[in-house]
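Hi everyone, thanks for coming. I'd like to walk you through one model today, so let's get it up on the screen.

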Amino acid sequence: MHMVRLVYVSRMTEECDTEALQKVLKISRSNNKAKDITGILCYDPAFFLQCLEGPREAVNQLYSEIQRDPRHKDVVLLDYCEVADRKFADWSMAFVAAGDISPQTFETYGGKGKFDPYALSAAEASRFLVQLAAKEQTLLAGQ
Ligand code: FAD
């Protein structure tokens, strides 16, 4: 079996109100568990930054579905690679709201200006998400 890691960024649309976001979070956790997909979803009112990892076919199929979802737009693939290990093995989908991220973490990746996930390289996007998961371990473990 080939295991892959995929990272993309997108912009939230007006369709994605709090209720819609809750539905995304709920369906992601139950669907991903069934498909052996793990990952992390970082979100704020402006963007989503998500990493999906798992069996290649399952990840590819889910990404096709996600791209068509009207709750976001401007979906840009930042990274796609075959991997030996998972970085987010403990989470069917970890969720981190931008409001919970420390200003220092944002500064590391966005400087003093506004954080723009579209400006991240593939390596930076992966490092950012891994750092989030590590720093927010307590928060995530409690979800
Ligand atoms: P469905 O039966 O199609 O619907 C699932 C639930 O979502 C239902 O409660 C339905 O009412 C609701 N829903 C569907 N479309 C909308 C809409 N436009 N507005 C409001 N509610 C709606 N899915 C995953 O399985 N795993 C993921 O990791 C994942 N990540 C996502 C990340 C983002 C940023 C977004 C926007 C969506 C993500 N999704 C994810 C959702 C994905 O795009 C599909 O909606 C979902 O996979 C369909 O699952 P389903 O066929 O089992 O459920």
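Let me start with aspartate 74, which counts as partly exposed because its relative accessibility is 40%. Before I go on, please keep in mind that this is a predicted model. Aspartate 74 sits in strand β4, residues 72-82. Its phi is near 55 degrees, a positive value in a residue other than glycine. As a reminder, most residues other than glycine have a negative phi.

Aspartate 36 also has a positive phi, about 60 degrees, although it is not a glycine. You'll find aspartate 36 in the loop between α1 and β2 (38-43). With a relative accessibility of 40%, aspartate 36 counts as partly exposed.

Now to the ligand. Which residues come nearest to it? Of the 19 residues around the ligand, those are Ser28, Asn31, Asn32, Asp69 and Arg71. By type, the shell holds nine nonpolar, five polar and five charged residues. If you look at where they come from, α1 (18-35), β3 (47-55) and α2 (56-67) each supply at least two of the shell residues. The most come from α1, which gives six.

Let's zoom in on some polar side-chain atoms here. Arginine 71 places one 3.0 Å from an oxygen atom of the ligand. For glutamine 50, a polar side-chain atom lies 3.1 Å from a ligand oxygen atom. Serine 28 has one that is 3.4 Å from a nitrogen atom of the ligand. As for cover, the ligand taken alone exposes 950 Å², and the protein buries 70% of that.

Next, the interior. In soluble globular proteins, nonpolar side chains tend to be buried together. Here the largest nonpolar core has 23 residues, and those touching the most other members are Ile40, Cys42, Leu49, Ile101, Phe128, Leu129 and Leu132. At least two residues of this core come from each of β1 (3-12), β2, β3, β5 (94-97), α3 (103-110) and α4 (122-135). Which element gives the largest share? That is α4, with five residues.

Note on methods. Residues numbered from 1 in each chain as written. Predicted model: local features only at pLDDT ≥ 70, side-chain atom pairs only at ≥ 80, totals over all residues. Heavy atoms only, no water. Near = heavy atom within 4 Å. Polar contact = N/O pair within 3.5 Å; in protein donor to acceptor, adjacent residues only side chain to side chain. Areas by Shrake-Rupley, 256 points an atom, 1.4 Å probe, with all protein chains shown as cover. Helix = DSSP H or I, 4+ residues; strand = E, 2+ residues; numbered from the N terminus. Nonpolar A, V, L, I, M, F, W, Y, C, P; charged D, E, K, R; others polar. Buried < 20%, exposed > 50% of the residue type's maximum accessible area, 1.4 Å probe, protein only. Core = buried A, V, L, I, M, F, W, Y, C linked by side-chain atoms within 4.5 Å.
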